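Hi,

Here is the structure I promised to pass on. Have a look at it first, and my notes follow below.

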Amino acid sequence: MLQDLRKIFQSNIKSLEILYILEGIKPSARIMVKEEEKDKILDFFKEKGLNYTLSDFKVIKQDRDKVYSDKGIKVPIDSEKKGYFFVYVSKDKKLAEKAKNLENENKHKELGILLGYPKCCAEFFEKHFEEESKKQNDFTLSSLKNSDGFQFPFYANIAARHFDLALLNHFPCSFNCKDSIELAKKHLAVIEKYDKEAAGIIKGMLEGAIVYTEGNGVFLLRRAELEHNRLYYKGIMASKNNQLYESLKNADYIEIINKNRLRLDDLEIKNVGMMLFF
Ligand SMILES: [Zn+2]
């Protein structure tokens with residue numbers, strides 16, 4: 001099942017969202033679909049008896065080199081530039097249409113709730129929308145700011161979406177948000193039902209440390225262990241190959257000063273997000 005979905009959607013995260021819809025644990029979803037792949041995906045929805053509506057615009061992604069970009073520019077549907085459509089999909093025809101309308105009306109909170117996100121997180125999104133939409137539409141550091149400490153349950157690891165891994169499809173209001181963690185547990189249970197091995201891999205990848213920057217890369221440190229304020233790790237995945245990546249790769253450990261400040265060798269690094277998911 002998951003394998004088939006992956007063939008069509010070319011992404012773990014998108015495949016899982018559709019699986020949650022098919023399983024009836026998510027009321028509706030909004031996914032970005034490449035123009036060239038639109039027909040194939042819509043055919044799949046028809047075959048599965050899912051209802052959908054298409055956005056009245058296309059989105060051209062910025063940061064083309066990034067695996068996961070949160071930012072895009074809207075262009076008319078007849079633009080010659082190839083882009084992405086938003087597809088609103090649900091078992092219920094009315095919900096698919098409602099999701100599209102809410103998006104057009106910029107009703108972020110209501111849209112979030114319709115997509116199955118906890119109310120607290122939908123409110124958090126709306127509250128921070130203006131400041132974040134001016135930047136990269138990336139709410140991760142705002143979520144961290146709202147969270148106590150830097151150690152959180154792996155269920156809430158939304159930062160790993162940069163590596164196409166996540167159990168949540170929204171930015172949690174905090175990494176300790178109870179409703180988000182409950183939702184992620186439901187999602188993991190569904191994945192387990194279809195593919196125990198995939199569920200184990202996802203869990204194993206989400207359990208790790210994240211060094212998060214806005215613009216200088218996201219780094220997933222595998223098999224991380226904290227001893228006092230020293231973080232040891234074995235293996236690293238990077239969204240960017242840069243100086244910070246080299247430093248993280250070569251260091252024996254990171255010294256965590258606080259959730260926004262690290263020491264790497266003798267260099268102090270500020271304005272980053274440090275998260276340890278267990
Ligand atoms: Zn929440």
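**Sheets and a helix pair**

An open sheet is built from five strands in the order β9-β10-β12-β13-β14, with antiparallel pairing; strands here are DSSP E runs of at least two residues, helices are H or I runs of at least four, both numbered from the N terminus, and two strands pair if DSSP finds at least two bridges between them. At its edges are β9 (225-227) and β14 (267-270), each pairing on one side only.

Before going on, please note that this is a predicted model, where local features need pLDDT of at least 70, side-chain atom pairs count only at pLDDT 80 or more, and totals for chains, interfaces and linings use all residues. Residues are numbered from 1 along each chain as its sequence is written, and side-chain values use heavy atoms, leaving out hydrogens and water.

β9 and β10 (residues 230-232) are joined in the antiparallel sense by three bridges, with E227 opposite R230.

Strand β8 (residues 218-221) has antiparallel partners too: β7 (residues 209-212) through four bridges and β11 (residues 236-238) through three. L221 of β8 is the bridge partner of A209 and also stands opposite I236 in β11. Five residues separate β7 from β8 in their hairpin, and G215 in the turn has a positive phi of about 110°.

As for the helices, α2 (residues 12-22) and α8 (residues 178-194) pack at about 90°, their axes 10 Å apart. In the contact (heavy atoms within 4.5 Å), L16, L19 and Y20 of α2 meet H187, V190, I191 and Y194 of α8.

Enjoy exploring!

Key: Axes are lines fitted to C-alpha atoms, for helices over the stretch in contact, and angles run from 0 to 180 degrees between N-to-C directions.
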